[in-house]
Amino acid sequence: MKNGRAGFLLLLVSVTVAVMLQLLVLPEWMRSSRPYWLPLVLSYWALTQPGGTLLLVSAIAGLGLDVAFGTALGQHALANVVLVYLIARLRTLFVLLDTWQVMFALAPLWALYVFILFWLDGLTNRSADPTLRWMPIIATTLIWPAIYGLLKGLQRTKRED
């Protein structure tokens, strides 16, 4: 039971850090290379610990981003839940792949995440710079192996405690 609590605590801490990194103000020249931190972390957890709890955590974190960014309430929550659900459903396929293959296999799912946000922005008559919307998919894809290794290492350390 203690191990389950430690894993859940690591999940909450990593999601909280991802939300804070997403909210971090960057200089103008770095904005288009900001990874989508929350989908990145949620993708890791969906691959390693799928479950209903993760769907709830992703929805709550998405609502937090909606409030912080002033977007339609539920926009990021919907995109997060769809992302986590699809990755959890495709998990059996992903476990057969190496980390670099998973990196490229997740890129279309992160693009779907961005498309959902784009679509909902269109429905609510909001516009965003296309560079700030689509370019971060590349940064998210490239940083995946580092985040995967970091979270896997933290998860192993928590198991050994």
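Predicted model: local features only at pLDDT ≥ 70, side-chain atom pairs only at ≥ 80, totals over all residues.
Visitor: What does Ile87 touch, leaving out residues up to four places away in sequence?
Guide: Ile87 touches Ser43, Ala46, Leu47, Phe94, Leu106 and Leu109. Contact here means heavy atoms within 4.5 Å. Residues are numbered from 1 along each chain as its sequence is written, and side-chain values use heavy atoms, with hydrogens and water left out.

Visitor: Which helix is Ile87 in, and is the residue buried or exposed?
Guide: Ile87 sits in helix H4, residues 75–89. Helices are DSSP runs (H or I, at least four residues), numbered from the N terminus. Ile87 is buried, at 0% relative accessibility. The cut-offs are under 20% relative accessible area for buried, over 50% for exposed, and partly exposed in between, with a 1.4 Å probe and protein chains only.

Visitor: And how far apart are the C-alpha atoms of Ile87 and Leu109?
Guide: They are separated by 8.0 Å, with the two residues 22 apart along the chain.

Visitor: Ser43, Ala46 and Leu47 are on that contact list. Which residues of H2 are buried?
Guide: Ser43, Ala46 and Leu47 are among them, together with Trp37, Leu38, Pro39, Leu40, Val41, Leu42, Tyr44, Trp45 and Thr48. That is 12 of the 12 residues of H2, so the helix is largely enclosed by the rest of the structure.

Visitor: What span should H2 have at 1.5 Å a residue?
Guide: Helix H2 (residues 37–48) should span 16 Å, and its end C-alpha atoms are 17 Å apart, which agrees. The expected span is 1.5 Å times one less than the number of residues.

Visitor: How about H3, what does it reach from its first C-alpha to its last?
Guide: H3 (residues 52–69) reaches 26 Å with its 18 residues, close to the 26 Å expected. Its buried residues are Leu54, Val57, Ser58, Ala61, Gly62, Leu65 and Asp66. Just after H3, Gly70 takes a positive phi of about 75°.

Visitor: Switching to rings: how many aromatic pairs does the structure hold?
Guide: Seven. Tyr44 and Tyr148 make one of the pairs, edge-to-face, at 5.6 Å centre to centre with 70° between the planes. Rings of Phe, Tyr and Trp (its six-membered ring) pair if their centres lie within 6.5 Å; planes under 30 degrees apart count as stacked, over 60 as edge-to-face and the rest as tilted.

Visitor: Which parts of the chain does that Tyr pair link?
Guide: Distant ones: Tyr44 is in helix H2 and Tyr148 in helix H8 (residues 136–160), 104 residues apart. Tyr44 is buried at 0% relative accessible area. Ring pairs also link Tyr44, Trp45, Trp110, Trp144 and Tyr148 into a cluster.

Visitor: How many salt bridges are there?
Guide: Three. A salt bridge is a side-chain nitrogen of Lys or Arg within 4 Å of a carboxyl oxygen of Asp or Glu. Arg31 forms one with Glu28, the closest N and O atoms being 2.8 Å apart. Arg31 is partly exposed at 32%, while Glu28 is exposed at 60%.

Visitor: Which residue does Arg133 bridge to?
Guide: Asp121, with the closest N and O atoms 2.5 Å apart. Arg133 lies in helix H7 (residues 130–134) and Asp121 in helix H6, so the pair ties together parts that are 12 residues apart in sequence. Shared partners join Asp121, Arg126 and Arg133 into one network. The Asp121 and Arg126 side chains meet at 3.8 Å, N to O.

Visitor: Are Asp121 and Arg133 buried or exposed?
Guide: Asp121 is buried at 7%, and Arg133 is buried at 8%. Arg126 is partly exposed at 37%.

Visitor: Last one: which residues form the nonpolar patch on the surface?
Guide: Leu9, Val13, Val17, Met20, Leu21 and Leu24, with about 510 Å² of accessible area together. Patches take residues with over 30% relative accessible area and no salt bridge; like charges are joined within 9 Å, nonpolar side chains (Val, Leu, Ile, Met, Phe, Trp, Tyr) within 5 Å. The areas come from the Shrake-Rupley method with a 1.4 Å probe, and for residues only the protein chains shown count as cover. Val13 lies in helix H1 (residues 2–23) and is partly exposed at 44%.

Definitions and conventions: Helix = DSSP H or I, 4+ residues; strand = E, 2+ residues; numbered from the N terminus.
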